[in-house]
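Grab a notebook and keep the viewer open.

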Amino acid sequence: MSTTQPLVLAAELAAAWSDIQAYHHDLPDLASPEALIGESSSACGTQLGFERLLHEAAHGLAAARDIRDTSRAGRYHNRRFLLLASELGLAHPVEPHASSGFSQVTMLAETEERYATTIDRLELALGAHQQAVTGDGGVLRAFRGPAGRHGSSGGGVRVKAVCGCGRNVRVVPSVLAQASIVCGACMQPFKIT
């Protein structure tokens, strides 16, 4: 796994966030793009991509405007979230989901057109990152990791990672996504199995 991949992806996430800020001036800076790389929250979507970034930007606008846009420890997205998501060019279901509210937003065609170049750059970085993390072009496994904005202690589900000589460790995938963990015996990076 390339140790530069998380840095490249974090830089592309920060650049994409800046592109969103160009249209939404009160959107605060993205404090830690690295936190989005390994995090997966079922209420906010499990796939990292531009649509997910717009979803997170709606939460950013809520924070900047001191609007409470979620309840139930951040799982239920209320109508205030829905208004912010609409402002960012996201469509929403007519009726809220029983447990996550209006969290399942999707990008409108005009939003996709506005950010086409940004989306292309981010997808390239995500593809390179995914290949680096899985090592074989496979799909990253979904996990329910720490959700820092919801006050998590930073725990998260630990998965088994194995090196070339067969040694294994348990690690939160977001930690492994930040940089390679190299085995001291065989000098090969640990990979999630």
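**Exercise 1.** How many bridges join β5 to strand β7, and do they run parallel or antiparallel?

*Solution.* This is a predicted model, where local features need pLDDT of at least 70, side-chain atom pairs count only at pLDDT 80 or more, and totals for chains, interfaces and linings use all residues. Residues are numbered from 1 along each chain as its sequence is written, and side-chain values use heavy atoms, with hydrogens and water left out.

Step one: find the strands, which are DSSP E runs of at least two residues, numbered from the N terminus. β7 covers residues 191-192. Step two: count. Two bridges link β5 and β7, and the strands run antiparallel; pairing takes at least two DSSP bridges. One partner pair is V162 with K191 of β7.

**Exercise 2.** Work out how β5 meets β6.

*Solution.* Start with the bridges: four of them connect β5 to β6 (residues 168-171), again antiparallel. Across from K160 you'll find R170 of β6.

**Exercise 3.** Which residues of β5 sit on its covered face, and which on the uncovered one?

*Solution.* Walk along residues 159-162: V159 and A161 are on the covered face, K160 and V162 on the uncovered one. In a regular strand, side chains alternate between the two faces of the sheet.

**Exercise 4.** Where is pLDDT, the predictor's confidence in each residue from 0 to 100, under 50?

*Solution.* Check residues 139-155: pLDDT stays under 50 there.

Technical notes: Contact = heavy atoms within 4.5 Å. Buried < 20%, exposed > 50% of the residue type's maximum accessible area, 1.4 Å probe, protein only. Helix = DSSP H or I, 4+ residues; strand = E, 2+ residues; numbered from the N terminus.
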